[in-house]
Every structure is written in C-alpha cells, then in structure tokens.
Amino acid sequence: MRDVLGDLLAWWEAGETVGVGTVVGTWRSAPRPAGAAMLVGPGGTAVGSVSGGCVEGAVYTEATEVAATGEPTLQRYGVSDDDALAVGLTCGGILDVYVEAVSRATFPELGAVAASVAAHEPVAVVTCVRGPAGRLGNRLVLWPDRTAGSLGTTRLDEAVTDDARGMLAAGRTATLTYGADGERRGDELTLFVSSYAPPARMIVFGAIDFAAAVARVGSFLGHRVTVCDARPVFATARRFPDADEVVVDWPHRYLRAEADAGRVDERTVLCVLTHDPKFDVPLLEVALRLPVAYVGAMGSRRTHDERLARLREAGLTEAELTRLSSPIGLDLGARTPEETAVSIAAEIVAGRWGGSGERLTGGTGPVHRTADR
C-alpha cells in the first residue's frame, strides 16, 4: 500500500471515490505479499499490483464495480483450471483480495494515516474484511498512543488495539480473527491489520568504498541507512549520497547510544565493514548482545578467526558469536564494491525470509517462503 498511497491520497483529497483491492491473505507461491494493493481511480486509471499480472484484470473489474456500488467484497484467486480463460495464478499460489470503495466518507482517517507514514510515525489500519452485514468494512486506525474509528463495539476495539499494537511494533501485516464482540477464540470476524511501521534501519560502520555500495543497495531495499565512522575526513555526506545520515563517532559508542535511546530494534541490520580490530571488536561486543535482525562483519577468513579470538577474550559466549555473519555476505564470487553489496543484501534477505541462499534451479518446495520477521 505504501507504493500507491500517494495516488490514493491525491484522489481522496480531490473528493473522488477509488476502488481499492488489497491482498489480505496468501498461500503457497503467491507472487505478492499481504498488503500489496491496486487502485482503480477516476476514469478507470489503474495503479499498483496485487499479483504481478496474473489476476489484475479480474481485480480491476471487481474494483470498478465496488467503487460504483460501495459494497465491499472478499475474493479468492487460486490456480487456473484447464480452461484457458479461467482467472487464476499460474504459479500455484492463492490470494485473498479485499476490494473496497475508498473516499472521504468511507475512510475519513486516510489523511492522518498518510501524514503519519510520511513522518515515519508508526500507524496501523485495521479493517473488517469478513463478517456480518453492518461490520464489513468497519475500520479502526491506531497509533502507539491513540486510536480513531471503530470496528463496532468498545470491547472489540479494546481487544484489537492490544493485539494490533503488538503487530505494529514488529512491523507485521496479517489477519486476525475474533468473535462478534472481541472474543479471541471466535472467528465470526476476520480483521486485516496493515502495519505502517517506520522503515527498518541499516547501520553501516566504516566509511570505505564498499560502504557506499552497501548504503545504495540498503536504500533500494527500503531501509533507513546510517553510515558511521570515527574519521571525519572519510565520513561525509558527499561520499555517501544514498545514506539518510552520516555520523562521525566511534562506532561502538554510537551503537550503544542508539540502542539505549530505543532506535535499534529487531528489524535493524548492522554491517561492520571496518575490518580494523580497534573499531570492530568493541563494536561487535555491543552488536552481538542486541536483539537485532542481522550482524555481519567484513574480512578474510583469517581476519574472522582473529576477530573471534579477540571477542572470546572480551567475554562473548559461543551463543553470542554464532549470531555473527562473517565473512559477510553470500558466496557469489563478488569482487567489486557493487557485487559485494549485492552479496550482503542477499544474505540479509535470505535471513529475513528463511531462504537457503542456494540456486532455485533443481530445488523443491515453494519459491516464496514466509517469516514473521
């Protein structure tokens, strides 16, 4: 939804009604994740994608009709049958797509949601996508400190607020089921929680040429990128135009301060490119004890072995050391900074989704994996 939010907001501000199809559930090799969205705006303009092309035509037709009638629907698209004209996913996956009409009347909180997303303020939108008449399409918007809208009853709103705030903190987008009045063991209502958490952080330590390439690919993947180095002559914004910020500080001191301030979380990835013991050993002492998603360190295998010995001398346990990805990246045969950045990014993505890093050719099982992180 982030990809189409700007277009949706523009039409919303102009007082238009937009048909919106949102992926709310996926199974097997679904081509796009929950939260992917497609808009059908004034004049039949289409923006976004829910399946990469497989069922866009069917969703377009459905969204056009829903925009006209105002009646939301929940559609399931699965594997195509033997009829060449059947609508389905040739990849073998299954998508549930919720289609609704969005306007100032149906979604008065959209402006506030868009403002929070632009300001990197956490916000979640909870929509009833399956339920009895009078409940379908109800919406609750919540922030860490406030809420707007309602799903129908105070008890339901309170139960959902507790659960959805936990999902928002983890950046998770998924469905929840409840009873009609918020009973957690019930399934009369299916609610879709779309979390707009701030971008996950990537902190790159070491202002070297490889860091510029890593910052570039990190930004491409949607991370908020920080480059940190203690040497002011190297740590400059001009050398790292793709970084959101460049910090001059001792790496271990900066990371400790960021963690203490609550600006490092379980989605944060740390790339240690200094390969200098006076920088990376004290830094890794801090990093490997933080609940972050990834800690990688650059260097040869000899450097890695020497680094492990120093870290053991510093008191790190074997369990803590197993969290270290070193030498950093997947074995792609990379040579240039750009190739090395792709190798590092590949390892981060594989860790996030539980990928093996092996070639898909000759493999078995689903292509797309799922993971909570």
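Helices (H or I, at least four residues) and strands (E, at least two) are taken here as DSSP runs, numbered from the N terminus. On that basis, the protein has ten helices and 16 strands. The radius of gyration, taken over C-alpha atoms, is 23 Å, close to the 21 Å that the globule rule (2.2 Å times the number of residues to the power 0.38) gives for 373 residues, so the protein is as compact as a globular protein of that length. The C-alpha trace spans about 65 × 50 × 45 Å along its principal axes. The model is a predicted one, in which local features need pLDDT of at least 70 and side-chain atom pairs count only at pLDDT 80 or more, while totals for chains, interfaces and linings use all residues. Residues are numbered from 1 along each chain as its sequence is written, and side-chain values use heavy atoms, with hydrogens and water left out.

Strands of a sheet pair through backbone hydrogen bonds, either parallel or antiparallel; for the assignment used here, two strands pair if DSSP finds at least two bridges between them. An open sheet of five strands, ordered β3-β2-β1-β5-β4, shows antiparallel pairing. Its edge strands are β3 (46–48) and β4 (73–77), each of which pairs on one side only. From one strand to the next, the twist averages 20 degrees; angles run from 0 to 180 degrees between N-to-C directions, and axes are lines fitted to C-alpha atoms, for helices over the stretch in contact. Strand β2 (residues 37–40) is joined to β3 in the antiparallel sense over three bridges, and Met38 stands opposite Gly48 in β3.

Four bridges link β12 (residues 224–229) to β13 in the parallel sense, with Asp229 opposite Val248 in β13.

The crossing of α7 past α8 is right-handed, meaning that the near helix is turned clockwise from the far one by less than a right angle, with anticlockwise giving a left-handed crossing. In terms of contact (heavy atoms within 4.5 Å), Pro277, Asp280, Val281, Leu284 and Glu285 in α7 meet Arg307, Arg310 and Leu311 in α8. By class, this contact has four nonpolar, no polar and four charged residues. Ala, Val, Leu, Ile, Met, Phe, Trp, Tyr, Cys and Pro count as nonpolar, Asp, Glu, Lys and Arg as charged, and the others, Gly among them, as polar.

Helix α5 (residues 209–220) packs with helix α10 (residues 337–353) at an angle of about 50 degrees, their axes 8 Å apart. That angle makes α5 oblique to α10, and α5 passes α10 in a right-handed crossing. On the α5 side, Asp209, Phe210, Ala213, Val214, Arg216 and Val217 meet Pro337, Glu338, Thr340, Ala341, Ile344 and Ala345 in α10. This contact has eight nonpolar, one polar and three charged residues.

Helix α1 (residues 5–13) and α3 pack at an angle of about 145 degrees, with their axes 10 Å apart, and α1 passes α3 in a left-handed crossing. Leu5, Leu8, Leu9 and Trp12 of α1 make the contact with Leu110, Gly111, Ala114 and Val117 of α3. Here the classes are seven nonpolar, one polar and no charged residues.

Two backbone details lie in loops. His120, in the loop between α3 (110–118) and β6 (123–130), has phi near 60 degrees, a positive value in a residue other than glycine. Pro327 is found in the loop between β16 and α10, and a cis peptide bond joins Ser326 to Pro327, with omega about -5 degrees.

Methods: Angles under 35 degrees count as roughly parallel, over 145 as roughly antiparallel, 65 to 115 as roughly perpendicular and the rest as oblique.
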